[in-house]
Amino acid sequence: MEDLQDMFIVHTIEEVQSLIAAHEQFKATLPEADTERQAILGIHNEVQKISQSYGIKSNIINPYSTITTEELLKQWEKVKMLVPQRDGSLQEEMSRQHAHERLRRQFAAQANLIGPWIQARMEEIGRCSLEIGGTLEDQMTQLKQMEHVIIAYKPNIDKLEGDHQLIQESLIFDNKHANYTMEHIRVGWELLLTTIARTINEIETQILTRDAKGISQQQMNEFRSSFNHFDRKKNGAMETDDFRACLISMGYDLGEVEFARIMMLVDQNATGIVSFQSFIDFMTRETADTDTAEQVVASFRILAADKPYILVDELRRELPPEQAEYCIMRMPPYKGPGAPPGALDYTAFSTALYGESDL
């Protein structure tokens, strides 16, 4: 039996439909209940007639029931009042849930278009920044056009924000039709804006580097080809192992010291990745410059764990045998305070090696 005064909380059209079905089942029992009520009233009237015929007092108490005829009539009138009220409440809730469903579908229709659109633009930017053909100026023109398209798309994001606001105000907490939440769209949009701005800035920097150092477009294409080949994840950055493999392929004889020195140049913040701009800077510097005493000192400092001196065991552990023995034979003893016996002065050795001092 339905409780006509029972409060209900629903979130979907299906849940309201279930309540309406239960209410309709209850209403279908009302004719039978009314027949029973009429029968009870008929019995009551018969009792009244008999009591009058025999002069019996009319306020006879029924020992078998606590429900009086007056109470029965009162409850029946209450039911007649509550049934249409329940009908109205359920229909109002059905209308509300239909409105919620329209909001869900309206949001989902836009979000399910915007999400893939953002992803497609991200992929376009990635392909453009990794292209080998064409000049940097061509890439810049293409990126500027993309930027214009992205900025022009902003009203779609604003409209979706408006739809989301309506959903929030209506206390709608789920949307089975949408593949993307508003938070997903916001994060994706901000990432897209950041990526296009950063990529344009990188191309501008590459143009400045090319012009300042006299790099030909062919050389730039060769740098890009090498970088793309060893960028295994194709995300515009080589990881440490990728970069090591790239250097080896170009003929670098890499010991730990040398590679540590190079990583300090290309990854100064120790992120573990090498960007294309850092790669270009390194390649142009390597083709134009030779090692300096400062670079070698920095390499030895890494091996010495930032100590101002280095030990024989550390050299033999970190360097190939021939290089280690060469350094041990030529490094002067470290004369600074606090050094253990046998400590060697790698700073004096490095500056002497590059002719900047005399041992």
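What follows is a short chat about the cores, one annotated region and one histidine.

Me: What kind of model is this?
Reply: This is a predicted model.

Me: Which residues touch the most other members in the largest nonpolar core?
Reply: L143, W189, M238, F243 and F279 do, in a core of 48 residues.

Me: And which helices each supply at least two residues of this core?
Reply: Those are α3 (69-130), α4 (136-152), α5 (154-169), α6 (182-213), α7 (217-230), α8 (240-249), α9 (256-266) and α10 (276-288). The most comes from α3, which gives 9 residues.

Me: What does F279 touch?
Reply: Leaving aside residues up to four places away in sequence, F279 touches F223, S226, F227, M238, F243, C246, M250 and V274.

Me: What other core lies apart from the largest one?
Reply: Another core, of 16 residues, lies apart from it; V296, V297, L319 and F349 are among its members.

Me: Switching topic. Where does UniProt place the EF-hand domain feature?
Reply: The unreviewed UniProt entry puts "domain: EF-hand" at residues 218-253 and 254-289.

Me: How much helix and strand is there over residues 218-253?
Reply: That stretch is 64% helix and 8% strand. Its end C-alpha atoms are 25 Å apart.

Me: Now H100. Which helix is it in?
Reply: H100 lies in helix α3.

Me: Is H100 buried or exposed, and why?
Reply: H100 counts as buried because its relative accessible area is 8%, and the cut-off for buried is under 20%.

Me: What does H100 touch?
Reply: Not counting residues up to four places away in sequence, H100 touches S170 and I172.

Methods:
Residues numbered from 1 in each chain as written. Predicted model: local features only at pLDDT ≥ 70, side-chain atom pairs only at ≥ 80, totals over all residues. Heavy atoms only, no water. Core = buried A, V, L, I, M, F, W, Y, C linked by side-chain atoms within 4.5 Å. Buried < 20%, exposed > 50% of the residue type's maximum accessible area, 1.4 Å probe, protein only. Helix = DSSP H or I, 4+ residues; strand = E, 2+ residues; numbered from the N terminus. Contact = heavy atoms within 4.5 Å. UniProt positions renumbered as here; feature names shortened; annotations may be inferred.
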